[in-house]
Amino acid sequence: MEAKLNMKTKRKFLWKEIKKNKHNYILMAPYVILFMTFTIVPVFMSLGISFTYYNLLESPRFIGLDNYTNLLLNDDVFVIAIKNTLILAVVTGPVSYMLAFVFAWLINELKPKLRAFMTLIFYAPSISGNAFLIWLLIFSGDVHGYANAFLLKMGIVDNPILWLKDPTYMLGVIILVQLWLSLGVSFLAFIAGLQSVDKTLYEAGAIDGIRNRWQELWFITLPSMKPQLLFGAVMQITTSLAIAEVSMQLVGFPSIQYAGHTIVTHLIDYGSTRFNLGYASAIATLLFIIMMSANLFVRSILRKVGE
Amino acid sequence: MQQIIKQIKSRKYRKTKRLNRSRTGDITLFLILALFGVFSAFPLIMTASNAFKPLDELFLFPPRLLPRNITFDNFRDLSELISNSWIPFSRYFFNTIMITVLGTVGHVLIASMCAYPLAKYKFPGRNLIFTLVVYSLMFAPQVTATPNYIIVSRLGLVDNPAAIILPAIASSLGLYLMKQFMQQIPDELIDCAKIDGASEYRIFFQIVMPLVKPAWLTLIILLFQRLWITDGGSFIFSEELKPVSYALRQIAQGTIERAGTIAAVSFIMMIVPVTFFIFSQAKIVETFSHSGMK
């Protein structure tokens, strides 16, 4: 009886709270509706559709785990896609994360004007739209490509290398270009974070016996920037597992021997080209699981830094 | 680089020597910075200068950093190439500009409206929504591409710019940054306005919004760069509604002879967001100092 009453008062109280905050809900409504429609609901839809055969014309037909078994056991191209995605992510993720931090850290020591200039230089590639297509010219497979012309002139190679068509080099080129593009949001977060570290901590540290910049970095700077480091990690992990655009534009789609094929290009292949939406959703769901677990795993490690 | 060396050499520098910095360390680290700076800037400089090079200069080796004979041929070829199709090139640009402006303005307004209560009030559902937003940062938008297509087609928005604009407005990174930034607005300010009898909506539009202008710029650049290069994907198939990026891809599929034209379009696509960033950099960096995550 008492519990029931409690529930009742609780509900009454909750309703009162909601009414009191009416204006908050009204302000939030447009965003929340769009966010739910285009981000949250699709995650669950994707999971649901992944158990069906669906081509957009006929209504979806339930086929259980068939998509997943086909994907994991019978799809050789998916195996290549996973392998490439992991190589790209394991290389570009940590490397770009560290580069973003190291450059932000070095830039932070410069005078304000030079600092702004260097920030622009490193950040510009990530907002330059299609400018990465210049790499098509740099890695062009004929003697006119800058990379080939350079190697030929130096006498390192005798024949031009087909950078974008030879599977030996394709992943390497994608990694290089992706790294060039990767100093984005997390780089800015690191720059901002470094600027907001309490300066008196450094003076106190010097008195307490910190002798060089490395000790200073490890004992003062990194621990004070933990929130930015976590944010940057999320950004970098998500981007590095979703590489597709650079691959499609540089080495083609589908690429020769699928050497530039990633999970996302596989998803695009089945979703937009073949209209096998059930299968595409199974790929998307697996990608979702990979991204979430990578993020949560790295987050749990980074949280322990300095504790 | 020379400036740095001069700085290091000058006596003034030595007098105001910072704590825990050795000069050799400074020089090595700044050499590294300069080297990677060149790596970062070179392709962009080449893109810009190639746009103004005649074709014969494009394939010179070593490539010239600056064109010897500046020419606008590439831009002329570009407009010719595209006016041969039945859509004038200006149409593609108009489509891109419309998508970018509507999406960006909508995002700044709608995400800020949502960020304000999340940052400043406690109410049922607040934590749930913010947690969902943080988790949504952890997966790329490609994950939801397929269901998004179904939703868009059910809403009857296929072949309508809204199919690109609406999902962009709900981008979660912008909301996250805006909410973090709004948290530093002092509560007293809002309380004062309340005592003066301002309504919640007035407080938001007249007090909070002007205070978070640095965050506006950040949200603008993030969404701008995303929408500016959109090619319409599978959402837009009418030729007259396609954005510039799509047209560029069609040209880029030609081979190396098109290098000049590609450079011309790339230059146009690049210069707009980069210029915007140059003028708003300080404010944008300020926003990111509140970007931290727990």
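1. At what angle do the axes of helix H2 and helix H15 of chain A cross? They cross at roughly 125° and come within 7 Å. H2 covers residues 22–49 and H15 covers residues 277–302. Axes here are lines fitted to C-alpha atoms, for helices over the stretch in contact, and angles run from 0 to 180 degrees between N-to-C directions. Helices (H or I, at least four residues) and strands (E, at least two) are DSSP runs, numbered from the N terminus.

2. A word on the model. It is predicted: local features need pLDDT of at least 70, side-chain atom pairs count only at pLDDT 80 or more, and totals for chains, interfaces and linings use all residues. Residues are numbered from 1 along each chain as its sequence is written, while chains are lettered from A and ligands numbered from 1 in the order in which they are written.

3. Back to the first pair. H2(A) and H15(A) are oblique to each other. Angles under 35 degrees count as roughly parallel, over 145 as roughly antiparallel, 65 to 115 as roughly perpendicular and the rest as oblique. The crossing of H2(A) with H15(A) is left-handed. That term applies if the near helix is turned anticlockwise from the far one by less than a right angle; clockwise is right-handed. On H2(A), Val43(A), Ser46(A), Leu47(A) and Ile49(A) make the contact. H15(A) answers with residues including Leu277(A), Gly278(A) and Phe288(A). Contact means C-beta atoms, placed from the backbone, within 7 Å. By class, there are six nonpolar, four polar and no charged residues. Ala, Val, Leu, Ile, Met, Phe, Trp, Tyr, Cys and Pro count as nonpolar, Asp, Glu, Lys and Arg as charged, and the others, Gly among them, as polar.

4. H15(A) also packs with H12(A), residues 226–241. Here the angle is about 155° and the axes are 10 Å apart. That makes the two helices roughly antiparallel. Their crossing is right-handed. Among the residues that meet are Leu229(A) and Ile237(A) of H12(A), and Met291(A) and Arg299(A) of H15(A). The contact divides into 11 nonpolar, two polar and one charged.

5. Now the chain contact. It takes 88 residues from chain A and 82 from chain B. On the chain A side, H2(A) gives the most, with 18 residues. That side has 59 nonpolar, 22 polar and seven charged residues.

6. The largest nonpolar core has 167 residues. Such a core is a set of buried Ala, Val, Leu, Ile, Met, Phe, Trp, Tyr and Cys residues joined through C-beta atoms within 7 Å. Buried means 20 or more other C-beta atoms within 10 Å of a residue's own; exposed means 12 or fewer, and partly exposed is in between. Tyr31(A), Ile283(A) and Cys114(B) touch the most other members. H15 of chain B, residues 259–288, gives the most to this core, with 13 residues. Not counting residues up to four places away in sequence, Tyr31(A) touches residues of chain B, including Ile110(B), Cys114(B) and Leu175(B).

7. Ala259(B) lies in H15 of chain B. It counts as buried because it has 23 C-beta neighbours inside 10 Å. Leaving out residues up to four places away in sequence, Ala259(B) touches Leu137(A) and Leu58(B).

8. By contrast, look at H10(A), residues 199–207. None of its nine residues is buried, so it lies largely in the open. Gly209(A) follows H10(A), with a positive phi near 105°.

Notes:
Two residues are in contact if their C-beta atoms, placed from the backbone, lie within 7 Å.
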